[in-house]
Every structure is written in structure tokens, then in C-alpha cells.
Amino acid sequence: MTPPGHDHPSQHTPELRAVARHIGRRRFLTVTGAAAALAFAVDLPAAGVASAAELDAAKITDDPFTLGVASGDPLPGSVLLWTRLAPAPYQADSGLPAERVTVHWELAHDDGFRKVVRRGTATAHPEFHHAVHVEVGHLDADRVFYYRFRAGGWVSETGRTRTAPAPGSRVSALRLAAVSCQAYHDGYFTAYGHLAEEDVDVVFHLGDYLYEYAVNSVGGARKYTDRTLPDLFNHETVTLEDYRLRYALYKSDPDLRAAHAAHPFAVTWDDHETENNYAGDIDENGGPPEEFLLRRAAAYRAYWENQPLRRPQLPHGPDAQLYRRLRWGRLAQFDILDTRQYRSNQAYGDGSHIPGPESDDPARTITGPTQERWLIDGWRRSHALWNVVPQQVTFSQRKLDLNPVAKVSMDAWDGYRASRQRILDGARSTGTENLMVLTGDVHVGYAFDILDDFDDPASATLGTEIVATSITSGKDGADKPANWATYTQANAHLKFYNGRRGYVTVELGREAARADFRTVSAVTTPGAPVTTAASFVTEAGNQGLEPA
């Protein structure tokens, strides 16, 4: 969604235009064409990632672990560890020459590293901006581990991660957190500092990890007085260098670093990691697709470089398969969606509009046909008690006014009602019970019952939707935004609405699930405490949210 006050014209650089003119769309959309275009656009050496000379890590004179450590996508016998070397994170070269660096890593049962279970080396390639992704396998299931990296004489902070339970195991409980929307320029990442102290097994990031908008010298609403940010952040991100530098700004934040070090993350993107409200290969202003796809290739590459993602998620040009499935024994299956890359363009020029023939065209899709089949087929094979769908935009119907035919968001699932109906029909046909959708995007906390017929409050409840508010986007917010009364009156299945910043935790158990909406009172000033704004439960086998 677009924060108030942001109305950005297209700012594609002349360099991208020059590349786009030389690559026809049809050729660009082939695998070889996309790879060639990316190589041209981001200056990849033709000889591949092993071509760079090696830097003696002993020559690194400043701490290279300024962006912290992270882990992601826990599997029963495997963890994914991440770091990126950046002695000077606010420089385009991160303070390192274009040479590869050997990085040592350790994984242990204890944070003192007296019981090391695995150790090894990985190469930080300059072509990947000295990012390191280490997949450590052959581990015990359902166990906590600690990890760290070393480059030369420098040792990273210690991270804590875990493996998932063994396939088919009867797990009694899982506690997750869901987060979204963290515009650096809208405030401090205070909520992440609190989340780092929570006892959770995994954190789902539901999109807008990064914003493309300019960040001025005082950090926008952070109003720094103790530092001056360099001018290179004070423009919209377009090129690979732009996106890489913006990740460096975000990931140098101490609260975000603390959350990543404390918990494994499972991430998915929304729009702002690339550009506001893009749809597939169409940018928000309807520019030439071949031009936008070059920007998308740069954005997707920088995302992979800076996130704890496994090899299958590595982009190929402007394409990346981010949708994927995680399991937690027989307790939960997580089907992580991507509702940006494959969607039809927003109907009626985007924004809010009453539903009509254009938005309800059955040919329109928000997931693309392949991902839609993958989701429903996954439900058909699921043996999990809880079927959880972490994704981006509001899934449930959300009427925006009290008119007889209300406007709805064309960017959310309301703008793709046929697509939503196919998903709900798929849930019914596969006998999927205990469906829970996790959502971000809208900078508020919502709790919805997912109804068989949203216009009939008495219809069957098919599942629940928990919408996590933003970490910062929208600045401080309010407990009851100006449209609170309208939304709650217009949507009987909306059980909770709060406009503060924060995150949500969800505990999945054998008998019920509990959601706690955790909020902070302010983000434009640092250090606000965290409180629980509301808590809800839904029973396994008897869906519907009730106050806890």
C-alpha cells in the first residue's frame, strides 16, 4: 500500500532504459535472454562466480559483520545460516575489493560453543555482494542450535536458530510471530527489539521488508541528531546498487539485527521490496514491461543476497520462486505465497472501487495458475492439523464504506474475487480444516473470520485471518483509526481492528490456536514498551475467533 504523501513518478534511470532498448521483451522473457540481461544490468562476469581473486581475510581492518547474522526456513534436518560482509556498509562496495573472501562458520548446541556439532567454510563472492548462505544438513530434528561466523580476526555476534520437528511427529505446540512493513523513514524498529526477547520458534515476514522511497539525512521520522545519513539514500531505489545500499541501511539497525539473531525467519516479499503496487511485469505507472523487469531483476537479486533464503529461491533474471512449503511435524503446514510476481494487473486503475466486471473477470488471478494449483495440491496431501498460509495482502472481504455496494481494495484479494473463490473452493474440496491466513500490507492489526459467504454473517466459518500490523510503516498510528467505526460496522466478520505498530504472535496447539496482538505506543521516538492490545482463540475443528 502507498503511505500518505507518497506519489512517485517513474524514476527509471537512463542506464536501465538503454539496456531495455537493446533487449526485446520476448527475448528477455526467455531464460537465456533474462540471464544475459541480468549479466548486462548488474555487471556479472561472464566467467561466473569463481572468477574473482581471493582476498586474504586477515587484511580486513574493520568489523565486516555490521549487518549481523540471520537464519531461515528451518527444516527437520537442516538450517540455513546467513551473513554479509560489509566493513563499510554505507559504501557501494561495502568497504571490500571485488575479491572473494573465505568465511568460517560454526554451529553448536550451546552459546559458548563448547559442543560444536558442525563447522566449515563458505565463500563470500563479490558478485553476490559478499553475502554468505550456508545450508547445514544432517542435524537432529526439533533442536535449538547456536551459530557464528569468522572472517580473518573478526567474529560475528552469535545467532540462535532451530530445526523443525521430524516429519510425521506429533508436536504439541508451536509459537510463531508474524511481522510486516518496516519503512525505515517512518520510525524506529522498537517492535523488533521486543520480538527478539519473545519465546518464538519462527518469525514469518509477510512483506515490505524494504521500502524504495528516499531516506533523508536524519532518517525521516527518526529525526536523528547523533548521526547524518549519507546522501546516497536520499533517492528512490532503482538500480542493483540502490537496492543493495538500502538493505545495508535497514539491516544495520540494532533492533532488526537482534530479532534476526534471536529467531529463524521465513520471509516473503510484497511490493515495496521492488516498487509500490507493481503487478507481475507491470509497474505502478504502466511503463514498458521490459524496462520494469530490469528493475525487478535488480530488486529480486538484492533481496536474495540479503535474506536467509535457500538455493531454490535464487533469482534467475527477473524471476524467482519464492512460494514454498514448510512443515512442523503433523501440527502445522505453512504454504508461503507470493501474490506479486504472478498477479494480473489491478482492476480499475488500482485504488478502491466497487466490484465490477473487470475486477470479477474469472481469468484474473492474484497467484498465477501454477501457484494456485501448488497450494491446493499441497492441501490435498497435507496431514497437518493446522494449514497456515503466510502471504501479503488482505484475504477476507473488507468493505471500505457503508454504501449498499461498498468500495473495496483493488490491490487486495477483494480485487481478485474469482481467484479467492477458487482458493476457498479448493480448501473445501480437499477437506482442509483449521485454515489460518497470515497477512501484512495494511499497517494495522485485524482479526477476521473467513466466511463461506462474506455477505452472509450466518454462513459457515471456513478459517481465520490474522493480519499483522506494521513494524513502523504509518508512523505511530492510533488504537482506533479514523475509519474504525466504519470498518467494524461494515464487516461483521472483522473481530478486531487496531492501528498501532507492532507484531502478532500465534501459538498453535492440538486443541486451539491463540493470537496475541502486540503493540507499541510510538515508533517516532525510541524505547516504547510493548503491550498486548488483544488476544483471540480459535478451536481446532470449530473455526471462529473468540476473545481470549
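# Close-up views of a predicted model

**View 1. Surroundings of His 205.** Leaving aside neighbours within four places in sequence, His 205 is in contact (heavy atoms within 4.5 Å) with Val 179, Ser 180, Cys 181, Gln 182, Tyr 192, Phe 265, Ala 266, Val 267 and Thr 268. This is a predicted model, in which local features need pLDDT of at least 70, side-chain atom pairs count only at pLDDT 80 or more, and totals for chains, interfaces and linings use all residues. Residues are numbered from 1 along each chain as its sequence is written, and side-chain values use heavy atoms, with hydrogens and water left out. His 205 is found in strand E10; strands (E, at least two residues) and helices (H or I, at least four) are DSSP runs, numbered from the N terminus. With a relative accessible area of 1%, His 205 is buried. Buried means under 20% relative accessible area, exposed over 50%, and partly exposed in between (1.4 Å probe, protein chains only). A polar atom of the His 205 side chain lies 3.2 Å from the backbone nitrogen of Gly 207.

**View 2. The largest nonpolar core.** A nonpolar core is a set of buried Ala, Val, Leu, Ile, Met, Phe, Trp, Tyr and Cys residues joined through side-chain atoms within 4.5 Å. The largest one has 46 residues, and Tyr 184 and Tyr 192 have the most contacts inside it. Two or more residues each come from strand E9 (173-179), helix H4 (190-195), helix H5 (240-251), helix H6 (254-262), strand E11 (265-267) and helix H7 (289-305). H7 gives the most to this core, with seven residues. A second, separate core of 33 residues includes Val 171, Ala 266, Leu 508 and Leu 545. In soluble globular proteins, nonpolar side chains tend to be buried together.

**View 3. Tyr 192 and an aromatic cluster.** Not counting residues up to four places away in sequence, Tyr 192 touches Val 179, Gln 182, His 205, Asp 255, Leu 256, Ala 259, Phe 265 and Ile 471. One aromatic cluster is formed by Tyr 184, Tyr 188, Phe 189, Tyr 192, Tyr 224, Tyr 250 and Phe 265.

**View 4. Two tilted aromatic pairs.** Rings of Phe, Tyr and Trp (its six-membered ring) pair if their centres lie within 6.5 Å; planes under 30 degrees apart count as stacked, over 60 as edge-to-face and the rest as tilted. By this rule the count comes to 25 aromatic pairs. One of them is the tilted pair of Phe 204 and Phe 334, at 4.7 Å centre to centre and 35 degrees between the planes. Phe 204 lies in strand E10 (residues 202-205) and Phe 334 in strand E13 (residues 332-336), so the pair ties together parts that are 130 residues apart in sequence. Phe 204 is buried at 1% relative accessibility, and Phe 334 is buried with a relative accessible area of 1%. Phe 496 and Phe 536 also form a tilted pair, 5.8 Å centre to centre with 55 degrees between the planes. This pair links distant parts of the chain, 40 residues apart: Phe 496 is in strand E21 (residues 494-509) and Phe 536 in strand E23 (residues 530-539). Both Phe 496 and Phe 536 are buried.

**View 5. Charges over Trp rings.** A charge sits over a ring if NZ of Lys or CZ of Arg is within 6 Å of the ring centre and within 35 degrees of the ring normal. Arg 325 lies over the face of Trp 374, at 4.1 Å from the ring centre. The ring of Trp 484 has the charged end of Lys 480 over it, 4.1 Å from its centre.

Note on methods:
Polar contact = N/O pair within 3.5 Å; in protein donor to acceptor, adjacent residues only side chain to side chain.
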